[in-house]
Amino acid sequence: MEQYYHSVVLEKELCCGCTNCLKRCPTEAIRIRNGKAHILSQRCIDCGECIRVCPHHAKRAHSAPLQEINQYKVKVAIPAPALFGQFNNLDDLDIVLTGLLSIGFDYIYEVSRAAELVSEATRELIRQHKLNKPIISSACPAVVRLIKIRFPELCDNVMPLLAPMEVAAKMARREIIEKTGIDDKDIGVFFITPCPAKVTEIHSPNHADKSAVNGAIAISQIYPQLTAAMDKLQVVEPLSHSGLIGVGWATSGGEAVAMLGDKYLAADGIENVIRVLEELEDEHIRDVEFVELNACSGGCVGGVLTVENPYVAQARIHTLRKFMPVSLNHLDLADLDIMMWDNKLTYDASSFALSGDIFEAMEMMDNLEKIADSLPGLDCGSCGAPTCRALAEDIVRGNARETDCIHKLKKKIQNVYDELTSGL
Amino acid sequence: MSSIHLHYDVSGEDFTRAGEASGLVKKRLKALGYNTDAIRRVAIAMYEAEINMVIHADGGFVDIDIYPDKVEILLSDRGPGIPDVDKAMQAGFSTAPDNVRNLGFGAGMGLPNIKKYTDDMKIDTELGVGTKLYLTVRVNEA
(Lines give C-alpha, C1' and ligand atoms only; values in the text may rest on other atoms or scores of the structure.)
Protein backbone atom coordinates (compact mmCIF):
# COMPACT_ATOMS: atom_id res chain seq x y z
CA MET A 1 0.00 0.00 0.00
CA GLU A 2 1.19 3.48 -0.92
CA GLN A 3 2.10 5.51 2.17
CA TYR A 4 1.05 9.12 2.12
CA TYR A 5 2.69 12.02 3.84
CA HIS A 6 0.19 14.00 5.90
CA SER A 7 0.53 17.52 7.19
CA VAL A 8 -2.25 17.04 9.76
CA VAL A 9 -0.79 15.65 12.97
CA LEU A 10 -1.97 14.87 16.47
CA GLU A 11 -0.62 16.46 19.64
CA LYS A 12 -0.98 13.31 21.70
CA GLU A 13 -0.92 14.87 25.15
CA LEU A 14 -3.75 17.28 24.23
CA CYS A 15 -6.03 14.61 22.77
CA CYS A 16 -8.59 13.35 25.28
CA GLY A 17 -10.12 10.78 22.94
CA CYS A 18 -13.46 12.54 22.50
CA THR A 19 -15.53 12.00 19.36
CA ASN A 20 -15.54 15.49 17.85
CA CYS A 21 -13.04 14.87 15.07
CA LEU A 22 -14.15 11.25 14.68
CA LYS A 23 -17.68 12.28 13.77
CA ARG A 24 -16.71 15.16 11.50
CA CYS A 25 -14.07 13.55 9.33
CA PRO A 26 -15.58 13.51 5.81
CA THR A 27 -13.70 10.38 4.72
CA GLU A 28 -14.08 8.44 8.00
CA ALA A 29 -10.29 8.50 8.33
CA ILE A 30 -10.16 8.83 12.13
CA ARG A 31 -10.38 6.13 14.79
CA ILE A 32 -9.97 6.50 18.53
CA ARG A 33 -7.59 3.80 19.78
CA ASN A 34 -6.47 3.57 23.40
CA GLY A 35 -8.04 6.92 24.14
CA LYS A 36 -6.26 8.84 21.37
CA ALA A 37 -7.23 9.83 17.85
CA HIS A 38 -5.47 8.02 15.02
CA ILE A 39 -5.52 9.03 11.38
CA LEU A 40 -5.87 6.27 8.79
CA SER A 41 -3.21 7.45 6.40
CA GLN A 42 -4.63 6.08 3.17
CA ARG A 43 -7.99 7.81 3.73
CA CYS A 44 -6.94 11.24 5.01
CA ILE A 45 -7.20 14.02 2.43
CA ASP A 46 -5.67 16.73 4.70
CA CYS A 47 -8.82 18.88 4.48
CA GLY A 48 -8.24 20.16 8.01
CA GLU A 49 -11.79 19.60 9.30
CA CYS A 50 -10.41 17.85 12.38
CA ILE A 51 -8.17 20.82 13.15
CA ARG A 52 -11.20 23.08 12.82
CA VAL A 53 -13.47 21.09 15.14
CA CYS A 54 -11.06 19.94 17.87
CA PRO A 55 -11.98 21.87 21.03
CA HIS A 56 -8.69 20.84 22.67
CA HIS A 57 -6.41 22.02 19.85
CA ALA A 58 -4.94 18.55 19.67
CA LYS A 59 -4.79 18.57 15.88
CA ARG A 60 -2.43 20.83 14.04
CA ALA A 61 -0.77 21.17 10.67
CA HIS A 62 2.92 21.00 9.92
CA SER A 63 4.07 24.40 8.84
CA ALA A 64 7.64 25.58 8.40
CA PRO A 65 8.99 28.12 10.90
CA LEU A 66 9.99 31.44 9.32
CA GLN A 67 13.66 30.79 10.14
CA GLU A 68 13.67 27.95 7.64
CA ILE A 69 13.94 30.48 4.81
CA ASN A 70 17.47 31.31 5.98
CA GLN A 71 18.75 28.03 4.55
CA TYR A 72 18.58 29.60 1.10
CA LYS A 73 20.52 32.44 -0.51
CA VAL A 74 17.43 33.85 -2.20
CA LYS A 75 14.28 33.71 -0.11
CA VAL A 76 11.08 33.85 -2.13
CA ALA A 77 7.57 34.31 -0.74
CA ILE A 78 4.63 33.19 -2.83
CA PRO A 79 1.60 34.42 -0.88
CA ALA A 80 -1.84 32.86 -1.44
CA PRO A 81 -4.44 35.44 -2.45
CA ALA A 82 -6.37 34.50 0.72
CA LEU A 83 -3.65 36.38 2.65
CA PHE A 84 -5.00 39.69 1.32
CA GLY A 85 -8.36 39.15 3.02
CA GLN A 86 -6.82 38.94 6.50
CA PHE A 87 -6.23 42.64 7.17
CA ASN A 88 -8.54 45.37 8.34
CA ASN A 89 -8.77 48.48 6.14
CA LEU A 90 -6.26 47.22 3.63
CA ASP A 91 -6.54 49.11 0.37
CA ASP A 92 -3.25 48.25 -1.28
CA LEU A 93 -1.73 44.80 -1.80
CA ASP A 94 1.73 46.38 -1.86
CA ILE A 95 1.57 47.01 1.88
CA VAL A 96 1.31 43.26 2.50
CA LEU A 97 3.97 42.43 -0.07
CA THR A 98 6.43 45.04 1.22
CA GLY A 99 5.71 43.72 4.73
CA LEU A 100 6.81 40.26 3.56
CA LEU A 101 10.09 41.75 2.33
CA SER A 102 10.72 43.41 5.65
CA ILE A 103 10.31 40.16 7.62
CA GLY A 104 13.08 38.50 5.65
CA PHE A 105 12.05 37.64 2.12
CA ASP A 106 14.06 38.88 -0.89
CA TYR A 107 11.56 38.32 -3.62
CA ILE A 108 7.79 38.10 -3.99
CA TYR A 109 5.72 36.38 -6.63
CA GLU A 110 2.00 36.53 -5.88
CA VAL A 111 0.14 33.27 -6.42
CA SER A 112 -2.70 35.39 -7.81
CA ARG A 113 -0.42 36.19 -10.78
CA ALA A 114 -0.07 32.49 -11.52
CA ALA A 115 -3.82 32.06 -11.01
CA GLU A 116 -4.39 34.43 -13.91
CA LEU A 117 -2.08 32.30 -16.06
CA VAL A 118 -3.91 29.13 -15.01
CA SER A 119 -7.26 30.73 -15.85
CA GLU A 120 -5.99 31.68 -19.28
CA ALA A 121 -4.43 28.24 -19.81
CA THR A 122 -7.76 26.61 -18.91
CA ARG A 123 -9.60 28.76 -21.43
CA GLU A 124 -6.98 27.88 -24.03
CA LEU A 125 -7.26 24.13 -23.38
CA ILE A 126 -11.05 24.39 -23.62
CA ARG A 127 -10.66 26.19 -26.94
CA GLN A 128 -8.39 23.39 -28.16
CA HIS A 129 -10.97 20.80 -26.97
CA LYS A 130 -8.32 19.14 -24.82
CA LEU A 131 -10.35 18.81 -21.62
CA ASN A 132 -13.05 16.29 -20.70
CA LYS A 133 -16.31 17.98 -19.73
CA PRO A 134 -17.46 18.71 -17.17
CA ILE A 135 -14.02 20.00 -16.26
CA ILE A 136 -13.24 19.73 -12.56
CA SER A 137 -10.81 22.27 -11.14
CA SER A 138 -7.53 20.86 -9.82
CA ALA A 139 -6.70 23.84 -7.60
CA CYS A 140 -7.80 22.38 -4.23
CA PRO A 141 -5.47 19.48 -3.37
CA ALA A 142 -7.89 18.07 -0.77
CA VAL A 143 -10.52 17.74 -3.49
CA VAL A 144 -8.05 16.16 -5.93
CA ARG A 145 -7.00 13.62 -3.29
CA LEU A 146 -10.66 12.92 -2.51
CA ILE A 147 -11.41 12.19 -6.17
CA LYS A 148 -8.33 9.98 -6.36
CA ILE A 149 -9.48 7.73 -3.51
CA ARG A 150 -13.26 7.84 -3.91
CA PHE A 151 -14.43 8.86 -7.38
CA PRO A 152 -12.79 6.60 -9.98
CA GLU A 153 -14.95 7.68 -12.89
CA LEU A 154 -14.14 11.36 -12.34
CA CYS A 155 -10.34 11.12 -12.39
CA ASP A 156 -10.24 11.91 -16.11
CA ASN A 157 -12.35 15.02 -15.62
CA VAL A 158 -9.89 16.68 -13.28
CA MET A 159 -8.10 19.45 -15.12
CA PRO A 160 -4.49 18.29 -15.71
CA LEU A 161 -3.10 21.76 -15.02
CA LEU A 162 -0.83 22.64 -12.10
CA ALA A 163 -2.40 24.67 -9.32
CA PRO A 164 -1.44 28.37 -9.18
CA MET A 165 0.92 27.72 -6.21
CA GLU A 166 3.07 25.39 -8.29
CA VAL A 167 3.00 27.62 -11.36
CA ALA A 168 3.97 30.62 -9.20
CA ALA A 169 6.99 28.73 -7.84
CA LYS A 170 8.14 27.74 -11.33
CA MET A 171 7.70 31.26 -12.73
CA ALA A 172 9.46 32.85 -9.76
CA ARG A 173 12.43 30.52 -10.12
CA ARG A 174 12.69 31.23 -13.81
CA GLU A 175 12.50 35.02 -13.31
CA ILE A 176 15.16 34.98 -10.60
CA ILE A 177 17.53 32.76 -12.55
CA GLU A 178 17.13 34.94 -15.65
CA LYS A 179 17.78 38.11 -13.65
CA THR A 180 20.62 36.97 -11.41
CA GLY A 181 22.01 33.77 -12.87
CA ILE A 182 21.93 32.23 -9.42
CA ASP A 183 21.82 28.44 -9.03
CA ASP A 184 18.31 26.96 -8.79
CA LYS A 185 19.15 25.10 -5.58
CA ASP A 186 20.03 28.37 -3.83
CA ILE A 187 16.48 29.62 -4.30
CA GLY A 188 14.06 28.81 -1.50
CA VAL A 189 10.41 29.25 -2.45
CA PHE A 190 7.91 29.41 0.42
CA PHE A 191 4.15 29.35 0.05
CA ILE A 192 2.24 31.46 2.56
CA THR A 193 -0.54 28.96 3.06
CA PRO A 194 -4.16 29.12 4.21
CA CYS A 195 -4.50 25.34 4.55
CA PRO A 196 -2.77 22.06 5.43
CA ALA A 197 -3.72 20.39 2.13
CA LYS A 198 -1.25 22.68 0.37
CA VAL A 199 1.47 21.67 2.83
CA THR A 200 0.83 18.05 1.90
CA GLU A 201 0.78 18.94 -1.78
CA ILE A 202 4.30 20.35 -1.47
CA HIS A 203 5.66 17.25 0.27
CA SER A 204 3.89 14.66 -1.82
CA PRO A 205 2.32 16.19 -4.93
CA ASN A 206 -0.67 14.61 -6.67
CA HIS A 207 0.63 15.65 -10.06
CA ALA A 208 4.38 15.20 -10.16
CA ASP A 209 7.29 13.59 -8.38
CA LYS A 210 8.60 16.80 -6.87
CA SER A 211 7.17 20.22 -6.08
CA ALA A 212 8.93 23.46 -7.07
CA VAL A 213 7.98 24.84 -3.64
CA ASN A 214 10.42 24.26 -0.76
CA GLY A 215 8.11 24.82 2.16
CA ALA A 216 4.86 26.28 3.41
CA ILE A 217 4.39 28.78 6.20
CA ALA A 218 0.92 29.11 7.71
CA ILE A 219 -0.76 32.49 7.38
CA SER A 220 -1.70 32.20 11.05
CA GLN A 221 1.93 31.62 11.97
CA ILE A 222 3.48 34.71 10.38
CA TYR A 223 0.44 36.92 10.92
CA PRO A 224 1.64 38.67 14.13
CA GLN A 225 5.11 39.36 12.73
CA LEU A 226 3.73 40.46 9.38
CA THR A 227 1.12 42.88 10.75
CA ALA A 228 3.75 44.42 13.05
CA ALA A 229 6.09 44.88 10.09
CA MET A 230 3.29 46.34 7.95
CA ASP A 231 2.55 48.93 10.64
CA LYS A 232 6.17 50.10 10.66
CA LEU A 233 6.63 50.49 6.90
CA GLN A 234 8.12 53.84 5.83
CA VAL A 235 8.05 53.17 2.11
CA VAL A 236 5.65 50.92 0.25
CA GLU A 237 7.21 49.36 -2.82
CA PRO A 238 5.18 48.82 -5.99
CA LEU A 239 5.42 45.02 -6.04
CA SER A 240 1.95 43.79 -6.88
CA HIS A 241 1.21 42.60 -10.35
CA SER A 242 -2.21 41.00 -9.99
CA GLY A 243 -5.60 41.74 -11.49
CA LEU A 244 -9.02 41.09 -10.06
CA ILE A 245 -9.20 37.65 -11.67
CA GLY A 246 -6.16 36.39 -9.78
CA VAL A 247 -7.12 37.87 -6.42
CA GLY A 248 -10.65 36.51 -6.86
CA TRP A 249 -9.30 32.95 -6.66
CA ALA A 250 -9.17 33.42 -2.89
CA THR A 251 -12.91 32.95 -2.64
CA SER A 252 -15.32 30.32 -3.86
CA GLY A 253 -16.47 31.05 -7.41
CA GLY A 254 -13.43 33.15 -8.27
CA GLU A 255 -11.84 30.55 -10.48
CA ALA A 256 -15.16 29.65 -12.15
CA VAL A 257 -15.96 33.28 -12.97
CA ALA A 258 -12.54 33.58 -14.63
CA MET A 259 -13.66 30.99 -17.21
CA LEU A 260 -15.70 33.87 -18.66
CA GLY A 261 -18.55 31.50 -19.44
CA ASP A 262 -21.86 30.95 -17.70
CA LYS A 263 -22.10 27.16 -17.54
CA TYR A 264 -20.25 26.75 -14.29
CA LEU A 265 -20.86 25.54 -10.78
CA ALA A 266 -18.86 26.45 -7.68
CA ALA A 267 -19.30 24.45 -4.48
CA ASP A 268 -17.48 24.98 -1.19
CA GLY A 269 -17.36 23.16 2.13
CA ILE A 270 -16.26 19.53 2.03
CA GLU A 271 -19.73 18.04 2.58
CA ASN A 272 -21.16 20.08 -0.29
CA VAL A 273 -18.21 19.09 -2.44
CA ILE A 274 -18.86 15.40 -1.79
CA ARG A 275 -22.54 15.82 -2.70
CA VAL A 276 -21.62 17.48 -5.99
CA LEU A 277 -19.06 14.76 -6.79
CA GLU A 278 -21.64 12.04 -6.10
CA GLU A 279 -24.08 13.70 -8.48
CA LEU A 280 -21.41 14.26 -11.13
CA GLU A 281 -20.46 10.60 -10.89
CA ASP A 282 -24.07 9.54 -11.47
CA GLU A 283 -24.32 11.99 -14.39
CA HIS A 284 -27.16 13.88 -12.70
CA ILE A 285 -25.52 17.23 -13.21
CA ARG A 286 -25.86 18.19 -16.84
CA ASP A 287 -25.30 21.39 -18.81
CA VAL A 288 -22.34 22.37 -16.63
CA GLU A 289 -18.97 22.79 -18.28
CA PHE A 290 -16.76 23.83 -15.40
CA VAL A 291 -16.89 22.71 -11.79
CA GLU A 292 -14.96 24.58 -9.11
CA LEU A 293 -14.71 22.74 -5.82
CA ASN A 294 -13.18 24.03 -2.61
CA ALA A 295 -12.91 21.86 0.49
CA CYS A 296 -13.26 24.89 2.78
CA SER A 297 -16.41 26.96 3.24
CA GLY A 298 -16.04 30.22 1.39
CA GLY A 299 -13.06 28.92 -0.61
CA CYS A 300 -9.39 29.36 0.34
CA VAL A 301 -10.24 32.25 2.69
CA GLY A 302 -11.96 29.56 4.80
CA GLY A 303 -8.73 27.61 5.19
CA VAL A 304 -8.02 26.39 8.70
CA LEU A 305 -4.64 28.18 8.81
CA THR A 306 -6.11 31.64 8.21
CA VAL A 307 -6.91 34.05 11.04
CA GLU A 308 -9.99 35.95 9.86
CA ASN A 309 -13.59 34.78 9.62
CA PRO A 310 -13.92 33.56 6.00
CA TYR A 311 -16.93 35.71 5.24
CA VAL A 312 -15.26 38.84 6.52
CA ALA A 313 -12.20 37.95 4.45
CA GLN A 314 -14.45 37.39 1.44
CA ALA A 315 -16.03 40.82 1.82
CA ARG A 316 -12.59 42.43 2.05
CA ILE A 317 -11.41 40.63 -1.07
CA HIS A 318 -14.45 41.98 -2.93
CA THR A 319 -13.65 45.51 -1.82
CA LEU A 320 -9.97 45.16 -2.69
CA ARG A 321 -10.79 43.96 -6.19
CA LYS A 322 -13.00 46.91 -6.94
CA PHE A 323 -10.60 49.14 -8.79
CA MET A 324 -8.23 46.52 -10.07
CA PRO A 325 -7.60 45.81 -13.73
CA VAL A 326 -9.18 42.53 -14.88
CA SER A 327 -5.93 40.65 -15.40
CA LEU A 328 -2.28 41.70 -15.50
CA ASN A 329 -0.72 38.37 -16.42
CA HIS A 330 -1.02 36.87 -19.84
CA LEU A 331 -0.11 33.44 -20.97
CA ASP A 332 2.78 32.82 -23.31
CA LEU A 333 1.53 29.73 -25.17
CA ALA A 334 5.05 28.29 -25.05
CA ASP A 335 4.62 28.02 -21.25
CA LEU A 336 1.52 25.85 -21.50
CA ASP A 337 3.63 22.68 -21.45
CA ILE A 338 5.37 23.45 -18.16
CA MET A 339 2.00 24.16 -16.57
CA MET A 340 0.62 20.69 -17.30
CA TRP A 341 0.67 17.77 -14.86
CA ASP A 342 3.51 15.27 -15.26
CA ASN A 343 1.47 12.37 -13.94
CA LYS A 344 -2.06 11.40 -14.81
CA LEU A 345 -4.51 11.18 -11.91
CA THR A 346 -5.23 7.51 -11.31
CA TYR A 347 -7.78 5.98 -8.98
CA ASP A 348 -6.44 4.37 -5.82
CA ALA A 349 -9.02 1.72 -4.88
CA SER A 350 -7.04 0.56 -1.85
CA SER A 351 -8.36 3.30 0.46
CA PHE A 352 -11.89 1.99 0.63
CA ALA A 353 -11.97 -1.48 -0.95
CA LEU A 354 -12.13 -4.33 1.57
CA SER A 355 -9.71 -6.43 -0.42
CA GLY A 356 -7.93 -6.41 -3.76
CA ASP A 357 -9.49 -9.80 -4.45
CA ILE A 358 -13.18 -9.64 -5.34
CA PHE A 359 -13.96 -13.09 -3.89
CA GLU A 360 -12.35 -12.24 -0.58
CA ALA A 361 -14.03 -8.80 -0.59
CA MET A 362 -17.43 -10.43 -1.09
CA GLU A 363 -16.78 -12.84 1.75
CA MET A 364 -15.82 -9.90 3.98
CA MET A 365 -18.84 -7.85 2.97
CA ASP A 366 -21.21 -10.71 3.73
CA ASN A 367 -19.67 -10.91 7.17
CA LEU A 368 -19.71 -7.11 7.54
CA GLU A 369 -23.45 -6.92 6.79
CA LYS A 370 -24.16 -9.55 9.46
CA ILE A 371 -22.06 -7.74 12.06
CA ALA A 372 -23.57 -4.36 11.13
CA ASP A 373 -27.08 -5.80 11.60
CA SER A 374 -26.13 -7.02 15.07
CA LEU A 375 -24.85 -3.60 16.24
CA PRO A 376 -27.24 -1.11 17.88
CA GLY A 377 -27.08 1.44 15.03
CA LEU A 378 -26.63 4.41 17.37
CA ASP A 379 -23.44 5.62 15.67
CA CYS A 380 -22.36 6.90 19.08
CA GLY A 381 -18.64 6.66 18.37
CA SER A 382 -17.81 5.22 21.79
CA CYS A 383 -16.12 2.20 20.20
CA GLY A 384 -13.69 4.52 18.45
CA ALA A 385 -15.23 4.20 14.99
CA PRO A 386 -17.44 6.96 13.57
CA THR A 387 -20.44 4.72 12.83
CA CYS A 388 -21.65 1.21 13.67
CA ARG A 389 -21.05 0.25 10.06
CA ALA A 390 -17.48 1.57 10.24
CA LEU A 391 -16.93 -0.59 13.34
CA ALA A 392 -18.30 -3.61 11.46
CA GLU A 393 -15.82 -2.84 8.70
CA ASP A 394 -12.96 -2.51 11.17
CA ILE A 395 -13.92 -5.88 12.66
CA VAL A 396 -13.85 -7.71 9.33
CA ARG A 397 -10.53 -6.04 8.54
CA GLY A 398 -9.22 -7.41 11.84
CA ASN A 399 -8.70 -3.98 13.41
CA ALA A 400 -11.41 -4.09 16.09
CA ARG A 401 -13.54 -6.51 18.11
CA GLU A 402 -17.27 -6.75 18.61
CA THR A 403 -16.85 -6.03 22.32
CA ASP A 404 -15.40 -2.61 21.43
CA CYS A 405 -19.10 -1.71 21.16
CA ILE A 406 -19.99 -0.67 24.71
CA HIS A 407 -23.63 -1.58 24.17
CA LYS A 408 -22.73 -5.12 23.12
CA LEU A 409 -20.31 -5.39 26.01
CA LYS A 410 -22.98 -4.20 28.44
CA LYS A 411 -25.36 -6.86 27.14
CA LYS A 412 -22.69 -9.54 27.59
CA ILE A 413 -21.97 -8.44 31.13
CA GLN A 414 -25.70 -8.31 31.84
CA ASN A 415 -26.02 -11.90 30.60
CA VAL A 416 -23.20 -13.06 32.84
CA TYR A 417 -24.72 -11.22 35.79
CA ASP A 418 -28.15 -12.72 35.12
CA GLU A 419 -26.64 -16.19 34.96
CA LEU A 420 -24.73 -15.74 38.19
CA THR A 421 -27.71 -14.35 40.07
CA SER A 422 -30.39 -16.63 38.58
CA GLY A 423 -29.86 -19.23 41.30
CA LEU A 424 -30.17 -16.73 44.14
CA MET B 1 -19.53 -16.92 -1.39
CA SER B 2 -21.25 -16.88 -4.80
CA SER B 3 -23.21 -13.66 -4.45
CA ILE B 4 -24.19 -10.87 -2.11
CA HIS B 5 -27.86 -10.09 -1.85
CA LEU B 6 -29.14 -6.62 -0.96
CA HIS B 7 -32.76 -5.62 -0.52
CA TYR B 8 -34.23 -2.12 -0.29
CA ASP B 9 -37.73 -0.74 0.09
CA VAL B 10 -38.25 2.30 -2.07
CA SER B 11 -40.78 4.63 -0.50
CA GLY B 12 -43.29 6.14 -2.89
CA GLU B 13 -44.32 8.77 -0.41
CA ASP B 14 -41.31 11.00 -0.31
CA PHE B 15 -40.00 11.96 -3.71
CA THR B 16 -36.95 13.65 -2.22
CA ARG B 17 -35.68 10.27 -1.01
CA ALA B 18 -35.67 8.70 -4.47
CA GLY B 19 -32.12 7.70 -5.39
CA GLU B 20 -31.09 6.69 -1.88
CA ALA B 21 -31.01 2.96 -2.64
CA SER B 22 -28.84 3.37 -5.73
CA GLY B 23 -26.48 5.53 -3.69
CA LEU B 24 -26.13 2.78 -1.08
CA VAL B 25 -25.50 0.13 -3.74
CA LYS B 26 -22.77 2.32 -5.24
CA LYS B 27 -21.08 2.52 -1.81
CA ARG B 28 -21.20 -1.27 -1.38
CA LEU B 29 -19.73 -1.85 -4.83
CA LYS B 30 -16.88 0.56 -4.14
CA ALA B 31 -16.15 -1.24 -0.87
CA LEU B 32 -15.89 -4.45 -2.88
CA GLY B 33 -13.31 -2.82 -5.15
CA TYR B 34 -15.71 -3.58 -8.02
CA ASN B 35 -14.94 -2.71 -11.63
CA THR B 36 -15.44 1.07 -11.80
CA ASP B 37 -17.20 1.16 -15.17
CA ALA B 38 -19.71 -1.42 -13.91
CA ILE B 39 -20.27 0.64 -10.74
CA ARG B 40 -21.08 3.69 -12.80
CA ARG B 41 -23.52 1.80 -15.05
CA VAL B 42 -25.27 0.13 -12.10
CA ALA B 43 -25.59 3.46 -10.29
CA ILE B 44 -27.07 5.31 -13.27
CA ALA B 45 -29.43 2.54 -14.43
CA MET B 46 -30.67 1.81 -10.94
CA TYR B 47 -31.17 5.49 -10.18
CA GLU B 48 -33.31 5.98 -13.30
CA ALA B 49 -35.36 2.88 -12.46
CA GLU B 50 -35.77 3.99 -8.85
CA ILE B 51 -37.04 7.40 -9.97
CA ASN B 52 -39.49 5.70 -12.36
CA MET B 53 -40.78 3.55 -9.56
CA VAL B 54 -41.41 6.59 -7.36
CA ILE B 55 -42.99 8.74 -10.07
CA HIS B 56 -45.25 6.11 -11.62
CA ALA B 57 -45.81 3.33 -9.11
CA ASP B 58 -45.71 4.73 -5.57
CA GLY B 59 -42.46 2.94 -4.82
CA GLY B 60 -41.67 -0.75 -4.48
CA PHE B 61 -38.71 -3.05 -3.79
CA VAL B 62 -35.25 -3.45 -5.20
CA ASP B 63 -33.35 -6.71 -4.95
CA ILE B 64 -29.72 -6.74 -5.95
CA ASP B 65 -27.45 -9.72 -6.42
CA ILE B 66 -23.78 -8.94 -6.75
CA TYR B 67 -21.63 -11.62 -8.41
CA PRO B 68 -17.92 -11.29 -9.10
CA ASP B 69 -18.62 -10.81 -12.82
CA LYS B 70 -22.09 -9.23 -12.91
CA VAL B 71 -24.76 -7.38 -10.96
CA GLU B 72 -28.42 -8.39 -11.26
CA ILE B 73 -31.09 -5.92 -10.22
CA LEU B 74 -34.79 -6.63 -9.88
CA LEU B 75 -37.15 -3.70 -9.32
CA SER B 76 -40.70 -4.71 -8.49
CA ASP B 77 -43.69 -2.47 -7.94
CA ARG B 78 -47.44 -2.79 -7.57
CA GLY B 79 -48.13 0.21 -9.77
CA PRO B 80 -50.51 0.63 -12.70
CA GLY B 81 -48.33 -1.28 -15.19
CA ILE B 82 -47.07 0.00 -18.53
CA PRO B 83 -49.80 -0.01 -21.24
CA ASP B 84 -47.41 0.12 -24.20
CA VAL B 85 -43.86 -0.98 -23.48
CA ASP B 86 -42.58 -0.19 -26.99
CA LYS B 87 -43.83 3.35 -26.67
CA ALA B 88 -42.33 3.74 -23.18
CA MET B 89 -38.98 2.69 -24.61
CA GLN B 90 -39.00 5.54 -27.13
CA ALA B 91 -36.67 8.40 -26.29
CA GLY B 92 -38.67 11.45 -25.27
CA PHE B 93 -41.93 9.64 -24.49
CA SER B 94 -43.09 10.38 -20.97
CA THR B 95 -46.25 10.29 -18.91
CA ALA B 96 -44.67 12.00 -15.90
CA PRO B 97 -46.75 14.71 -14.23
CA ASP B 98 -45.72 18.37 -14.36
CA ASN B 99 -44.58 18.59 -10.75
CA VAL B 100 -41.70 16.16 -11.33
CA ARG B 101 -40.90 17.63 -14.74
CA ASN B 102 -40.23 20.88 -12.94
CA LEU B 103 -37.47 19.08 -11.02
CA GLY B 104 -35.81 18.08 -14.27
CA PHE B 105 -37.27 14.58 -14.46
CA GLY B 106 -39.78 13.19 -16.93
CA ALA B 107 -37.74 13.90 -20.06
CA GLY B 108 -38.71 10.50 -21.42
CA MET B 109 -35.15 9.19 -21.15
CA GLY B 110 -35.61 6.84 -18.17
CA LEU B 111 -36.10 3.49 -19.90
CA PRO B 112 -33.92 4.32 -22.93
CA ASN B 113 -31.09 5.30 -20.55
CA ILE B 114 -31.53 2.15 -18.49
CA LYS B 115 -31.25 0.09 -21.67
CA LYS B 116 -28.16 2.01 -22.73
CA TYR B 117 -26.28 1.41 -19.47
CA THR B 118 -27.22 -2.24 -18.88
CA ASP B 119 -26.26 -5.43 -20.73
CA ASP B 120 -29.66 -7.06 -20.31
CA MET B 121 -33.04 -5.58 -19.59
CA LYS B 122 -36.39 -7.34 -19.34
CA ILE B 123 -39.78 -5.84 -18.47
CA ASP B 124 -42.67 -7.90 -17.10
CA THR B 125 -45.67 -5.70 -16.75
CA GLU B 126 -49.38 -6.28 -16.23
CA LEU B 127 -51.98 -3.51 -16.19
CA GLY B 128 -53.38 -2.96 -12.73
CA VAL B 129 -50.98 -5.47 -11.17
CA GLY B 130 -47.51 -4.00 -11.42
CA THR B 131 -44.17 -4.07 -13.16
CA LYS B 132 -41.00 -6.09 -12.73
CA LEU B 133 -37.84 -4.75 -14.28
CA TYR B 134 -34.90 -7.17 -14.56
CA LEU B 135 -31.50 -5.59 -15.21
CA THR B 136 -28.05 -7.10 -15.63
CA VAL B 137 -24.77 -5.21 -15.71
CA ARG B 138 -21.74 -7.34 -16.61
CA VAL B 139 -18.13 -6.54 -15.83
CA ASN B 140 -16.36 -5.86 -19.10
CA GLU B 141 -12.68 -6.35 -18.44
CA ALA B 142 -11.01 -3.87 -20.75
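Which elements do the buried residues of helix 5 of chain A pack against? In this predicted model, they pack against helix 7 (196–203), helix 11 (270–281) and strand 11 (290–294) of chain A. Let's take a walk through both chains and end at the place where they meet.

**Chain A as a whole**

- Chain A contains 15 helices and 11 strands.
- Its radius of gyration is 24 Å, close to the 22 Å that the globule rule gives for 424 residues, so chain A is as compact as a globular protein of that length.
- Of the 424 residues in chain A, 48% count as buried.
- If you take the contacts in chain A between residues at least 6 apart in sequence, 76% of them join residues at least 24 apart.

**The domains of chain A**

- Chain A is divided into three parts: domain 1 (1–61), domain 2 (66–339) and domain 3 (354–424).
- The centres of domain 1 and domain 2 of chain A, taken over C-alpha atoms, are separated by 25 Å.
- Where these two domains touch, 16 residues of domain 1 of chain A are in contact with 18 residues of domain 2 of chain A.
- Helix 2 (residues 49–53) of chain A gives the largest share of the domain 1 side, with three residues.
- Sorted by class, that side of domain 1 of chain A has eight nonpolar, four polar and four charged residues.

**Helix 5 of chain A, a mostly covered helix**

- Helix 5 (residues 141–150) of chain A has nine of its 10 residues buried.
- Among them are A:Val143, A:Val144, A:Leu146 and A:Ile147.

**A hairpin and a loop in chain A**

- Strand 2 (residues 30–33) and strand 3 (residues 36–39) of chain A pair in the antiparallel sense over four bridges.
- Within this pair, A:Ile30 stands opposite A:Ile39 of strand 3 of chain A.
- The hairpin has two residues between the strands, and A:Asn34 takes a positive phi near 50° there.
- Elsewhere, A:Thr387 sits in the loop between helix 13 (358–374) and helix 14 (388–396) of chain A.
- A:Thr387 and A:Leu22 are 365 residues apart in sequence, yet their C-alpha atoms are 9.3 Å apart in space.

**Chain B as a whole**

- Chain B has five helices and five strands, and along the sequence they follow the pattern β-α-α-β-β-α-α-α-β-β.
- A compact globule of 142 residues would have a radius of gyration near 14 Å, and the 15 Å of chain B agrees with that.
- Along the principal axes, the C-alpha atoms of chain B fill a box of roughly 40 × 30 × 30 Å.
- Of the 142 residues of chain B, 40% count as buried.
- Residues 24 or more positions apart account for 61% of the chain B contacts with a separation of 6 or more.

**The sheet of chain B**

- Five strands of chain B form an open sheet in the order 1-2-3-5-4, with antiparallel pairing.
- Strand 1 (4–11) and strand 4 (120–126) of chain B stand at the edges with a single partner strand each, so one side of each has no neighbour in the sheet.
- On average, neighbouring strands of this sheet are turned by 10° against each other, direction ignored.
- Strand 3 (residues 70–77) and strand 5 (residues 130–138) of chain B pair over eight bridges in the antiparallel sense, and B:Ile73 has B:Leu135 of strand 5 as its bridge partner.
- Helix 2 of chain B packs on the sheet, touching strand 1, strand 2 (59–66), strand 3 and strand 5 of chain B.
- The direction of this helix makes about 175° with that of strand 5 of chain B.

**Where the two chains meet**

- 14 residues of chain B are in contact with 20 residues of chain A.
- Helix 1 (20–31) and helix 2 (36–57) of chain B each supply at least two residues of the chain B side.
- The largest share of that side, five residues, comes from helix 2 of chain B.
- By class, the chain B side has eight nonpolar, three polar and three charged residues.

Methods:
Residues are numbered from 1 along each chain as its sequence is written. Chains are lettered from A and ligands numbered from 1 in the order in which they are written. This is a predicted model: local features need pLDDT of at least 70, side-chain atom pairs count only at pLDDT 80 or more; totals for chains, interfaces and linings use all residues. Two residues are in contact if their C-beta atoms, placed from the backbone, lie within 7 Å. Ala, Val, Leu, Ile, Met, Phe, Trp, Tyr, Cys and Pro count as nonpolar, Asp, Glu, Lys and Arg as charged, and the others, Gly among them, as polar. Two strands pair if DSSP finds at least two bridges between them. Axes are lines fitted to C-alpha atoms, for helices over the stretch in contact, and angles run from 0 to 180 degrees between N-to-C directions. The radius of gyration is taken over C-alpha atoms; the globule rule is 2.2 Å times the number of residues to the power 0.38. A residue is buried if 20 or more other C-beta atoms lie within 10 Å of its own, exposed if 12 or fewer, and partly exposed in between; C-beta atoms are placed from the backbone. Domain bounds come from an automatic or database domain assignment.
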